[in-house]
Amino acid sequence: MCIVSPSEDWIPGRNLQRIFLVVLKDDLHNSIGASLSYPLEVNAALGILKTTGIWRSNYAPFFHRMFWRAGVSIPPPHFASFGFNFVFAGIWFGVVWGLLMWFLVWPQRGTPGVQAVFAWILSGVSFGLLMALYYYIRARKYNLPLWSQIKAAS
């Protein structure tokens, strides 16, 4: 289902109203990949992202969906600020990657603790920077509205 055609320019008031109507009419797990248990502004943002043709795994990553199911209204990555994406992606990747390396690789190689922690931090910072840059570029490419506009409309 296409709520806003990709060729249509983004008009915040008109397009958001259509997305809210579709979100409210859909079932518990609807065609935009959102859940009505998510905060309303998150569902609206997911509806906008669905119309762009971006893969669902890119606009609704696992850790974001966990927060949304808990009722936390964090913006999807394409609507988040560069700084938020940098910190969020850097922390989760750094922790997951660092723990895997700590238990599976570094003990066998005899990696010193200081070197392991430095690699852990460097990996988180690098990944966070790359993901923040990716989402910033993609948001500009698709001319997406600001998160504040979506929150104001809901």
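Val-96 is in helix α5, where helices (H or I, at least four residues) and strands (E, at least two) are DSSP runs numbered from the N terminus. Val-96 counts as partly exposed because its relative accessibility is 36%; buried means under 20% relative accessible area, exposed over 50%, and partly exposed in between (1.4 Å probe, protein chains only). The model is predicted: local features need pLDDT of at least 70, side-chain atom pairs count only at pLDDT 80 or more, and totals for chains, interfaces and linings use all residues. Residues are numbered from 1 along each chain as its sequence is written, and side-chain values use heavy atoms, with hydrogens and water left out.

**Nonpolar patch**

- Val-96 belongs to a nonpolar surface patch together with Val-87, Ile-91, Val-95, Leu-99, Leu-100, Trp-102, Phe-103, Leu-104, Val-117, Ile-121 and Val-125, and the accessible area of the patch is about 1,100 Å².
- Two or more patch residues come from each of α5 (82-104) and α7 (113-141).
- Helix α5 gives the largest share, nine residues.
- Patches are made of residues with over 30% relative accessible area and no salt bridge, like charges being joined within 9 Å and nonpolar side chains (Val, Leu, Ile, Met, Phe, Trp, Tyr) within 5 Å.
- A salt bridge is a side-chain nitrogen of Lys or Arg within 4 Å of a carboxyl oxygen of Asp or Glu.
- Accessible areas come from the Shrake-Rupley method with a 1.4 Å probe, and for residues only the protein chains shown count as cover.

**Aromatic pairs**

- The whole structure holds 14 aromatic pairs, counted when ring centres of Phe, Tyr and Trp (its six-membered ring) lie within 6.5 Å; planes under 30 degrees apart are stacked, over 60 edge-to-face, and the rest tilted.
- One of them is the edge-to-face pair of Trp-92 and Phe-127, at 5.6 Å centre to centre with 80° between the planes.
- Trp-92 lies in helix α5 and Phe-127 in helix α7, so this pair ties together parts 35 residues apart in sequence.
- Trp-92 is partly exposed at 30% relative accessibility, and Phe-127 is partly exposed at 22%.
- Phe-127 also forms a stacked pair with Phe-93, at 4.1 Å centre to centre and 15° between the planes.
- That pair links Phe-93 in helix α5 to Phe-127 in helix α7, 34 residues apart.
- Phe-93 has a relative accessible area of 22% and is therefore partly exposed.
- Phe-62, Phe-63, Trp-92, Phe-93 and Phe-127 form one aromatic cluster.

**Backbone at Asn-143**

- Asn-143 has a positive phi, near 55°, in a residue other than glycine.
- Asn-143 sits in the loop between α7 and α8 (147-153).
- With a relative accessible area of 51%, Asn-143 is exposed.
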